[in-house]
Structure formats: structure tokens, C-alpha cells
Amino acid sequence: MPHNKQMAQGQPTSISPALWSSRFVFIMAAVGSAVGLGNIWKFPYITGENGGGAFVLVYLACIAVIGLPLMMSEVMVGRRGGKSPIGTMAEVAKAEGRSKHWVGVGIMATLAAFLILSFYSVIAGWTMPYIISAMSGSFSDISAEDSGALFGGLLASPWQLLLWHSIFMGLTVLVSAGGVRHGLERAVTKLMPALFILLLILVGYAATTGHFGEAVSFLFKPDFSALTAEAILTALGHAFFTLSLASGAMMAYGAYLPKHVSIARTAVVIAVMDTGVALLAGLAIFPIVFAHGLAAGEGPGLIFVTLPVAFGQMPGGGFFATLFFVLLLFAAWTSSISMLESLVSYLNEKGIGRVKAAIGGGLAAWLVGITTLLSLNVWSDFTPLDMFARFEGKTLFDLYDYLTANIMMPVVALLIALFVGWKMKPAHSASELGAWHKLWFPVVRYLSPIALLIVFYFNLK
Ligand code: TRP
């Protein structure tokens, strides 16, 4: 048994990490991982790009039918293996008497997490100059045009981006090197609730713009004629991204989960909170977008262009803007830590100490991140895979995003569903999931793989 009481109470060591001290702490760490730029930055902008309602509905269906059961699967496999995602896949496959090639799932997941971290850090870095602008009152009465120019100026400056990217990666390495439980527990239990409340305040403000109804119908009134096969794949990929799935993060965190905690109930709480934050972010942002005649399909700059305009007109806007970008930075931070964890826990198993592993992994991700950062300016015309229609016009940043969210994560997800649905003894999964097993098993055995295969089929056609 990899887990016992003594470890639960012991200090985290570099070889055998301690368990989370309670279900609540695990939920907070997992919510900290799940809630991040994906909810507040990415969800609104891809919803805008993909036409709203129908996309949101597909996304919600993906969360419920594929995301939630997969989260249960990953946490369960992680807890059984009790190791890094790579070590866990090797361990659990062996215990089930299955091929040792299943370790490949752990490797691909770790690779996806690493790649995501590389560009996530660049974007998370944007929050820092925004904190400074907010504090110095630069947003007061800012026009939509000036806000767009401010954002454009940031993207055009590789040195500025490099500075913030470096600081953010440094922060990530710092927590990771100390062990995820250390520091993370306190941060997530206080800051996540604060972010939630601030979003509610923003939604309250958005309701006063007179365009709230328009935003609600944009988000929730489906127009299926606007839905493409590609949009469905994007919704699916985002469901994985936003829940931190198919990348080892939940497996790595599951390894620290005490045996008595109900995986299913915990996963439901995490998924509901994560989805709630994304929908709140949408409700806060789109009324502002419509009120100021901004483009819903603006792209990755959406919240960075729209929110300053809103803050600029709000009473106490400077204060709220500062708070908002600080909390967004923290939300991104508690996510990036979980991305690095797949790799760090693996290197740790290979005998490399936590500090060295975190620095090495962070440094490598930082280097790759520089290519993302350059693709926003100097290399913005460098679209190396133009010969394939699917990748046409995509910069390196676009390609990393597409490769991870639309290809690697769905593939990892499919393999995990096949593993737990067909290769693992049902008695074993039942012993982890209890009464929920009855509901979960047919979903991961049939529904999730079939849904994933259908999405793949229509995208490869
Ligand atoms: N879920 C986080 C967000 O929405 C991002 C994230 C954290 C993540 N850990 C991950 C994404 C692992 C992919 C893989 O911002």
C-alpha cells in the first residue's frame, strides 16, 4: 500500500509526498488547478469566436458526459498508482496484468502538460502589467480604442513579455520546488473564494450596462447552424483544458488523495465550481462587449481589452481592476503549479530532488515559452504548417494550443477511458468509486469512447 496513516501525517519529503490533509484541501487544490486562465481568459474568447449558445451547450455536454467521468477515472488511477502520472500508468497497468506500453499515456499526458505550461506562463504574465496599469489609474475612462491599443502595445513588445513570462515561471517553480502542498493549501483556500466573489460583483456591474439580456441570449440561446465540427472539437478540448484533465495533473493530485475520500462527490464539486466560474466570467464580459460595440470574436485579447473599459467606468474601478488582475494572477499560478507537477513528480521518482526537478522543468518550459512569446510579435507571420489546411495561418502559439487541446488531450482522454473501461478489473474500480461505479462504468466503457471517436471522425474527414 503506497498510502498509510503515517504518511498522511508526515511532512512532505522529496521521495514520498504526503497526502492532502483533508478532502477540503484536495478540493481546493484541484479547484485551484481547474480554475484559471481557461475559465476567465479562454472560455469567453473561444465562445465569442465560435458563435455563443450552441458552442456553450456542447461545452457543457462535454463537461458532463466526458469530462466528469474522466476526472473520476484520473483521480482513481492516480490514487491506485500513488506515483507520478508516468509511474502510475506503469504501476497500474502492471497490477492489472496489462501491456507495459500503457505507460505511453502517462508520457503523452506529461508532455501535454509541459507544452501547455510553456504558453500558459506567457499569458499569465499579461496579468502583471495589467495590475500595474490598474493601480496607476490608467484605466479610468479609457475608451475601447485606447484599451485595444494598450493591449496591442504589450503584445508588440517582446522584452516586456519576456520579463513577465520569466517572473511567472519563477513563481511557478518556487511553489513546485517546495512541494505542492506547501504554500498551495493556504493560497487556494483564501483566494479562490475571493475570485468568485469578485466575479459576482463584475456580473452585477455588467447587469447595469443595459446589455445583459443580449449577453444571456448570446451565451445560452443555441444556434446550431453556426456549429462546425471544428467548434465541437474545440469545445471538447476546452472541457479537458479547463478541468486540467488528460495531462496528468489530476492523476498527480489524485496520488495524494487519502483512501476514505469519495472520488465521485469530490469530482462533481470540482466540475460544478469550475463551470460556474466560466459561466460567471462569460456573464461578466459579454454585456460589456456588447455595450461598447466590441467584437465578440476578438480572440485571445478579449478580456484584456474589454474589462479595462468596464473598470474605467465603474465607481472604485481602479481598486476592483487591481484586485481582479491580482486574483487572476493567483488563479493562473495555482493552475501552472499543477501543470509542472506531472513532470516534477516523475523526475522526483527518478531520483532527482524536487528543487532540481522544478528548476529544470521550469527552465525548459520557459525556453519553449519564448517561442510563443515571439509568435505574438516578431514571428507573427511565421506559420510553419501552412501546407496543411487544418493548420493554415496558425502561429507557433496557435499550434501549441491546437496540438495540446485539440489533439493530445483528446487522445490521452480516449486511452484513459479505454483503460479504465476495458482493461482494469471492474472490481478494482468499484472498490474505489463505491455506489457511483454503476453509473460511471457504462459511461467510460461505452459513452465517452464513442463520443470521442465520433468527434475525431468528423474532424479527420
Ligand atoms: N485548468 C486550468 C485552466 O483552466 C489550466 C490547467 C491547469 C491545465 N492544469 C492543467 C490545463 C493541466 C491542462 C493541463 O486555466
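A pocket is an open set of grid points with protein on both sides within 12 Å along at least five of seven lines. The legends below describe close-up views of a predicted model.

**View 1. The largest pocket and the residues around its centre.** In this predicted model, the largest pocket holds about 380 Å³ of space. Its lining comprises 17 residues, and those closest to the centre of the pocket are Tyr45, Glu49, Lys394, Asp401 and Tyr402. By residue class, the lining of the largest pocket divides into six nonpolar, five polar and six charged residues.

**View 2. Helices that contribute to the largest pocket.** At least two residues of the lining come from each of α3, α11 and α17, and α17 gives the most, with six residues.

**View 3. The bend in helix α17.** Helix α17, which spans residues 396-423, bends by about 30° at Thr404. Of the 28 residues of α17, 20 are buried, so this helix is largely enclosed by the rest of the structure.

**View 4. The largest cavity and its lining.** The structure holds two cavities of 30 Å³ or more, and about 130 Å³ of space lies in the largest cavity. The largest cavity is lined by 17 residues, with Ser33, Ile116, Phe241, Ser244 and Met339 lying nearest its centre. This lining consists of eight nonpolar and nine polar residues, with no charged residue.

**View 5. Helices that contribute to the largest cavity.** The helices α2 (23-34), α3 (37-49), α6 (103-135), α11 (229-242) and α15 (317-349) each supply at least two residues of the lining of the largest cavity.

Methods: Residues numbered from 1 in each chain as written. Predicted model: local features only at pLDDT ≥ 70, side-chain atom pairs only at ≥ 80, totals over all residues. Heavy atoms only, no water. 1 Å grid on protein atoms, 1.4 Å probe; cavity = no way out; pocket = protein on both sides within 12 Å on 5 of 7 lines; lining within 4 Å. Points joined across faces, edges and corners; volume = space filled by probe spheres on them. Helix = DSSP H or I, 4+ residues; strand = E, 2+ residues; numbered from the N terminus. Nonpolar A, V, L, I, M, F, W, Y, C, P; charged D, E, K, R; others polar. Bend = angle between axes of the 7 residues up to and from the residue. Buried < 20%, exposed > 50% of the residue type's maximum accessible area, 1.4 Å probe, protein only.
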